[in-house]
Amino acid sequence: YSENGSYSRALVAENFHRFLSTNTGRKLQDKVALITGAASGIGKATATQFINNGAKVIIADIQQQSGQETAKELGPNATFITCDVSKELDISRAVDFAISEHNQLDIMYNNAGILCSNPPSIVDLDLALFDKDMSTNVHGAMAGMKHAARVMIPRGSGSILCTASVSGVMGGMGTHSYSVSKFALIGMVKSLASELCKYGIRVNCISPFIIPTPIAMKHMSEIYRHLDAHKVVEIVNNLGVLKGAICEANDIANAALYLASDDAKYVSGHNLIVDGGFTSFKNLDY
Ligand code: NAD
């Protein structure tokens, strides 16, 4: 019943919708999200979490086969588009695809990232590989920001996310190039948040601890090249400082769900560190 006592189906429907979105975990009901690098790891876990919360998700990834398989696995609310984030045209097409398929883009998650093998000493640095890390991790995310903003500004709303890293919070984690790219990404989030706040668009990033996905396993296996993969996963899972827990892709998906949803409606320009406290008080010694 409305304030004047008359029965309103629309009001009942609206309240029921609000109840569903706040009380049953469907925090992204009817939202459309584009997630780069969602054929694997953190992106895939986030796509799953977003769909479980009522969103329609576009999986944008450079890997065509696993991207298509992921979309099939996640069901009718997932679609796949081939996209190399280091190419602006691919990003632009992915954003246009979201609009043509769903008429809106509410969440842009710039998650795709790479970590090129580069010698540990700056003296031996291969600058071509530095450029490669930057072109995916920084240039790719900047292009994602630009094209998401292009369609979000006219609507006056939107949530943009990025996956940074603990390597963007402290030195000595990962390669120099990777670390520099993730520091840049956190700076990008703060800079873009300052412009886009006036359009009601929030910009945030997440800095995960080490999770044994392909990107981390490749890097760690190069460090521990004498050990087999199982042993390396065991080492990765023991690097954390929080007793009784390991960092998993789903922990990042939960953080992304929070930042993408109205639960974080007043959170912008923030770097949400999901590391069990690691960067607050302990240095990695490997
Ligand atoms: P992952 O290897 O499981 O997934 C990375 C995905 O990005 C893959 O599907 C890959 O195909 C895609 N990708 C790579 N280059 C691309 C490009 N140019 N265009 C489009 N897609 C591309 O690794 P993940 O751990 O899920 O990594 C996701 C993000 O999390 C990355 O940005 C990574 O730097 C960051 N991160 C990972 C960890 C970790 O330990 N796993 C820690 C901190 C941050």
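**Reading a predicted model: helices and the ligand shell**

Q: In which helix does L127 lie?
A: In this predicted model, L127 lies in helix α5.

Q: How far apart are L127 and S177 in sequence and in space?
A: They are separated by 50 residues in sequence, while their C-alpha atoms lie 8.8 Å apart.

Q: What makes the length of helix α6 agree with expectation?
A: Helix α6 covers residues 176–196, which is 21 residues. The expected span is 1.5 Å times one less than the number of residues, so the helix should span 30 Å; its end C-alpha atoms are 30 Å apart, and the two values agree.

Q: Which residues of α6 are buried, and what covers them?
A: The buried residues include S177, Y178, L185, I186 and V189. Among the elements covering the buried residues of α6 are α5, β5, β6 and β7.

Q: Which residues come nearest to the ligand, and which helices supply at least two residues of the shell?
A: Of the 29 residues around the ligand, G37, S40, G41, G113 and T213 come nearest. Helices α2, α5 and α7 each supply at least two residues of the shell.

Q: How do the residues of this shell divide?
A: There are 13 nonpolar, 14 polar and two charged residues.

Q: What pLDDT does the chain average?
A: The average is 93, and 90% of the residues score at least 70.

Key. Residues numbered from 1 in each chain as written. Predicted model: local features only at pLDDT ≥ 70, side-chain atom pairs only at ≥ 80, totals over all residues. Near = placed C-beta within 6 Å. Helix = DSSP H or I, 4+ residues; strand = E, 2+ residues; numbered from the N terminus. Nonpolar A, V, L, I, M, F, W, Y, C, P; charged D, E, K, R; others polar. pLDDT = per-residue confidence, 0-100. Buried ≥ 20, exposed ≤ 12 C-beta atoms within 10 Å, placed from the backbone. Contact = placed C-beta atoms within 7 Å.
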